[in-house]
Amino acid sequence: MARIRLERVAHSYLASPRREADWALKEIDMEWADGGAYALLGPSGCGKTTLLNIVSGLLQPTSGRILFGERDVTATPPDRRNIAQVFQFPVVYDTMSVHDNLAFPLRNRGMAEAEVRARVRDIAALLDLEPVLGTRATNLSADGKQKISLGRGLARADVNVIMFDEPLTVIDPHLKWRLRSKLKELHQRIGLTMVYVTHDQTEAMTFADQVVVMHEGAVVQVGTPVELFERPRHTFVGHFIGSPGMNILPCEVRDGAARFAGRAVATANAPGAAIGRGGGRAELGVRPEFVRFAADGIPVEVTRVADAGRHRIVEARAGETPIRLLLGEGEAVPADARLGFDPRFTHLYVDGWLAGEATA
Amino acid sequence: MSARVVNNRAWWLVLPVVILVGFNAVIPLMTVVNYSVQETFGNNRFLFEGVKWFSDVMHSARFHDALKRQLLFTAIILAIEVPLGVAIALAMPRRGAWASACLVLMSMPLLIPWNVVGSMWNILALPDLGLLGWTLNSLGINYNYTRQPFAAWATIIAMDVWHWTSLVALLSYAGLSAIPPAYYQAAKIDGASSWAIFRYVQLPKMRRVLTIAVLLRFMDSFNIYTEPFVLTGGGPGNATTLLSIDLVKVALGQFDLGPAGAMSLIYFLIILLLSWLFYRVMTSGEEDS
Amino acid sequence: MRRLKWVVPALYIAFLMLPIYWLLSMSFKTTNEILGGFTLWPQNFTLENYRKVLTERTWYMGYVNSLIYVLINTVLSVSVALPAAYAFSRYRFIGDKHLFFWLLSNRMAPAAVFALPFFQLYSAIGLFDTHLAVALAHCLFNVPLAVWILEGFMSGVPKELDELAFIDGYPFWKFFLKIFLPTIAAGIGVAAFFCFMFSWVELLLAKTLTAVDAKPIAATMTRTASSSGYELGLLAAAGALTIVPGAFVIYFVRNYIAKGFSLGRV
């Protein structure tokens, strides 16, 4: 069991990177606690798989160090880092039975056969694979095969961290939740550190204690799902998380307050010193969940009402700017539509970042 | 191949192919069948002989010898070319300029006219004038492929290995390239040795490709004519007279239409059986995907 | 140990290049030098053999003849194979599996079996000693191969493409030529490559069906080897020149070689 420390890790796939864009992973300095469940969340190409492969040892970072506990493992090969990895599509050894698949990493490390058998039985019990131990691995369904992949990782007693690279990609939608719950259950029972890469926010938010949101090779925010939802540090986070995403409204700052559509808007964070430094792009961020119809609010024109099942999504327009809000069942759209923003969850952003915070 | 529409008008699309191939396949075969059951007298007079030619051929020592030689030849070259081709594919670089250069150079033997392959090895193996022949003889090995059956065999085998191993290597290379990197990564994490990776990841994933390679080489070597004919002419004596060479001798050389016909049909039937095997393997793979 | 992996392909390629080197070396030697004894490389470098091959009509026409029938065959084979491959890929029809098998079996047929019958057949229809005869005869093997390769590539194209075109009102031939074919351009290239390759290298049928007018280079070479008493240098030069078209073609398709050998379906 160990905590993982990433010390100024950066990576470029090019031999001699020059520009910012040449770096697939921009400098990251982060620490992950022992036994935590982390999700690396971000769109395709944001560098999450690169980061994962660096932690597991499949990739050597261009610069920086990785430490497991006190050990510098930057140059250690994957099979000696005590990690396990589950890939996007099930990786099983087709010619072997389920039992032999699970036994494979143990036998490679020279474990005694009797011990191997005992350990395989334990893992199979944990993953509900006992009934199929004798069958050829290739005959299982996709989720069965992913369990085998997982099992091979769990089989080794010395594993500290399990990495998951979008493991539910090929699983049937109606089985995804089952595998996901299994992972959560395993985490609670065994207490290993788990790092889960995904582009699906639902998976990330339900699985992880802490979510690391990444964008274009950089870590944008690390926080609990609630923190990410209520207080995004970057407009990207606001926009990426939540469905529909956060409203981003261009605004201006005058006399120490944000102004939108000719009115002052109260925000949770003070505009602060950022504005004093001569401007920058100012924007208001507020989630549709925190926008309401208010009699004394900003006048808007309602353009569309879409039904999303348990609630409705209203698209309105203040001048040229679209704003979305949620309407519960039974609530009606007033004739003279005016919107108010909950000041506790309305934030001012400057150049994309939350105003008043040190960036990165 | 799911969701294919049943449409018998598709026959119109296939018709040109059927006509073209049918013309070339059916008419000659009919001729062959004709010859195989008749006795031909010079002036186009025919006498029905039933299965006489078939029984003659099946009992002839000449045919048996040619068949045995052919089977031996095919077995030897398969035993050499398949492992060698796979080993080369495993050792080749996967990407980059070297990979490209490798592929180009390896493909060259495959595009040389077969008679030139024969001539090339002819010139190479000349006992006193050729690079190979001269080298072997000056090393003290008494080598003369025109006079020694063993030397002739060794030379035609070396020639075939030179000629066709690249096919196996290229097919295997394509199969290997199709293996997703995740398998190698997982094996690395599992602490697998190189041998284990070969046995449990690479070989199983190459099963289909290897089957194609083996069957292709089996059949093409079973049909081989030009290269050994140009090199040894079937000799010394009969030593390297493989099945096709023997058949052509009988058909075009001696113009023994009856025996040629019977032999052709027997030969063809053997091949047909093997193609059926080939076809089954190919389509079984598709039903899984 | 891993560092030494490159030794294997290096040795193999050296092995492959050796006979080719020897052929080239011979082609630059005079007959006197060749018969005089073994020399590793030409002591009296000469271009006489090449000059002879490139200027004498009996020789250079051999190349021309070969190229003609190879090109005819390639165009013909691929053209008829395209609609057939489409049919196999998109439709089920009575006897489709059997037809496909029958086609494949022809690819596997021993050429020797067809030597005599082809000789008689093509003589009977008056095509003996024409380029067309060889081109047609080679179709026996090349058309099934082309159908097999093209069908593999076509199956990789989703049927939605066809359906969309039909919904948009395209007549079948327009769809086929302007939309479908460009999608499988790589497949057509691969099929053409293999047809070219097989037709270029095949000797038995090419020799059997020709005499003078359409005589391929292969026939000229073998006649020289047996009759006019072993002009080895000349033979070597002629042989060396036959490698050139092949080398060209490989160079141009070098980026597709690996893909071609996967035949779209391996």
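Guide: The spot is Asn82(A), which counts as partly exposed because it has 18 C-beta neighbours inside 10 Å. On this scale a residue is buried with 20 or more other C-beta atoms within 10 Å of its own, exposed with 12 or fewer, and partly exposed in between, the C-beta atoms being placed from the backbone. The model is predicted: local features need pLDDT of at least 70, side-chain atom pairs count only at pLDDT 80 or more, and totals for chains, interfaces and linings use all residues. Residues are numbered from 1 along each chain as its sequence is written, while chains are lettered from A and ligands numbered from 1 in the order in which they are written.

Asn82(A) is not a glycine, yet its phi is positive, about 60°. It sits in the loop between strand 5 (71-72) and strand 6 of chain A. Here helices (H or I, at least four residues) and strands (E, at least two) are DSSP runs, numbered from the N terminus.

Together with helix 2 (98-108) of chain A, it makes up the elements that give two or more residues to the side of chain A that touches chain B. In that contact, 17 residues of chain A meet twelve residues of chain B; two residues are in contact if their C-beta atoms, placed from the backbone, lie within 7 Å. By class, the chain A side has ten nonpolar, three polar and four charged residues. The classes are Ala, Val, Leu, Ile, Met, Phe, Trp, Tyr, Cys and Pro as nonpolar, Asp, Glu, Lys and Arg as charged, and the others, Gly among them, as polar.

A second residue of this kind is Asp351(A), with a positive phi near 55° in a residue other than glycine. Asp351(A) has 14 other C-beta atoms within 10 Å and is therefore partly exposed. It lies in the loop between strand 21 (346-350) and strand 22 of chain A. Those strands belong to an open sheet of four strands in chain A, ordered 11-15-21-22 with antiparallel pairing; two strands pair if DSSP finds at least two bridges between them. Strand 11 (247-250) and strand 22 (353-354) each have a single partner strand and stand at the edges, so one side of each has no neighbour in the sheet. Strand 11 of chain A pairs with strand 15 (residues 282-286) of chain A over four bridges, and Asn247(A) has Val286(A) as its bridge partner. In the loop between helix 8 (235-240) and strand 11 of chain A lies Pro244(A), joined to Ser243(A) by a cis peptide bond with omega about 0°.

Six bridges link strand 17 to strand 18 (residues 311-318), which runs antiparallel to it. The two form a hairpin with three residues between them, and Gly309(A) in the turn has a positive phi of about 90°.

Now the other chains. Chains A and C do not touch, their nearest C-alpha atoms being 16 Å apart. Of the two pairs of chains in contact, B and C share the most contacts. That contact takes 79 residues from chain C and 80 residues from chain B. On the chain C side, the largest share, eleven residues, comes from helix 13 (residues 232-252) of chain C. The residues of this side divide into 64 nonpolar, nine polar and six charged. Two bridges also join strand 1 (residues 5-6) of chain B to strand 1 (residues 91-92) of chain C, in parallel, with Arg92(C) as the bridge partner of Val6(B).

Chain B itself has 13 helices and three strands, and 45% of its 289 residues are buried.

Within chain C, helix 4 (residues 57-90) packs on helix 10 (residues 185-201) at about 140°, with axes 9 Å apart. Axes are lines fitted to C-alpha atoms, for helices over the stretch in contact, and angles run from 0 to 180 degrees between N-to-C directions. The pair is therefore oblique, since angles under 35 degrees count as roughly parallel, over 145 as roughly antiparallel, 65 to 115 as roughly perpendicular and the rest as oblique. The residues of this helix contact divide into nine nonpolar, five polar and no charged.
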